[in-house]
Amino acid sequence: MQILLEAVFTALLLLAAGWDFARRRIPDGVVLGIALTGAAAFWVMPQIGAAERFVGLWAVSVPVLLLTLLRPGAFGGGDIKLLAAGGLFLGARLIWEAFLWGMVAAGLWSLVLLLSGRGARAKFALGPFLCLGMLLVQKALP
């Protein structure tokens, strides 16, 4: 059953990444699906405890929300909700690792944009990079 749940999580992340890449928006329904997958993981994957999952819900999303309130536009609302839902599935430790990998990937993409002459102000969707980070750390699930 864990394999099925991980496959659903993966499919929803790919859907979120593709949608955000194409439209710069992550549908609430996809985020809700990820959150429901995280809720199901409480029973299907008990090796990550309820407290770890609950903290994961808030661990990255709240600091990112606060940063966005201090600096509007730093992150989109869909990115914040995606991180919360992903944290419910992955738990606190893995959502931090996912966030780190996602930000490293986004930073490398920014460097590519700078070197290609597209400019320092080029805007791109962050969601695909956050999804990539979550996909990378998913392999570390117990």
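Predicted model: local features only at pLDDT ≥ 70, side-chain atom pairs only at ≥ 80, totals over all residues.
Q: Which residues of helix 6 are buried?

A: Start with the general idea. An α-helix has 3.6 residues a turn, so residues three or four places apart point the same way. Now the case here. The buried residues of helix 6 are Ala-92, Leu-94, Ile-95, Ala-98, Phe-99, Gly-102, Ala-105, Ala-106 and Leu-113.

Q: What covers the buried residues of helix 6?

A: The cover includes helix 3 (50-59), helix 4 (61-70), helix 5 and helix 7.

Q: Which residue just after helix 6 takes a positive phi?

A: Gly-117 does, with a phi of about 85 degrees.

Q: Which residues touch the most other members of the largest nonpolar core?

A: The core has 37 residues. Ile-34, Leu-82, Phe-89, Leu-90, Ile-95 and Met-134 touch the most other members. The elements giving two or more residues to this core are helix 1 (2-23), helix 2 (28-44), helix 5, helix 6 and helix 7. Helix 6 supplies the largest share, seven residues.

Q: What does Leu-82 touch, not counting residues up to four places away in sequence?

A: Its partners are Leu-13, Ala-16, Ile-26, Val-31, Ile-34, Gly-127, Leu-130, Cys-131 and Met-134.

Q: Now the pockets. What volume does the largest pocket have?

A: Again, the general idea leads. Rolling a probe the size of a water molecule over the atoms shows where empty space is left. Here the largest pocket has a volume of about 860 Å³. It is lined by 29 residues, and Arg-24, Gly-73, Ala-74, Lys-123 and Phe-124 are the closest to its centre. Helix 5 (77-90) and helix 6 (92-115) each give two or more residues to this lining. The largest share, six residues, comes from helix 6.

Q: How do the residues of that lining divide by class?

A: The lining of the largest pocket has 13 nonpolar, seven polar and nine charged residues.

Q: How much space lies in the second largest pocket, and what lines it?

A: About 190 Å³ lies in the second largest pocket. Its lining is Phe-21, Arg-24, Trp-109, Leu-113, Arg-118, Ala-122, Lys-123, Phe-124, Ala-125, Pro-128 and Phe-129. Helix 6 and helix 7 (127-138) are the elements that give two or more residues to it. By class, this lining has eight nonpolar, no polar and three charged residues.

Note on methods:
Residues numbered from 1 in each chain as written. Heavy atoms only, no water. 1 Å grid on protein atoms, 1.4 Å probe; cavity = no way out; pocket = protein on both sides within 12 Å on 5 of 7 lines; lining within 4 Å. Points joined across faces, edges and corners; volume = space filled by probe spheres on them. Helix = DSSP H or I, 4+ residues; strand = E, 2+ residues; numbered from the N terminus. Nonpolar A, V, L, I, M, F, W, Y, C, P; charged D, E, K, R; others polar. Buried < 20%, exposed > 50% of the residue type's maximum accessible area, 1.4 Å probe, protein only. Contact = heavy atoms within 4.5 Å. Core = buried A, V, L, I, M, F, W, Y, C linked by side-chain atoms within 4.5 Å.
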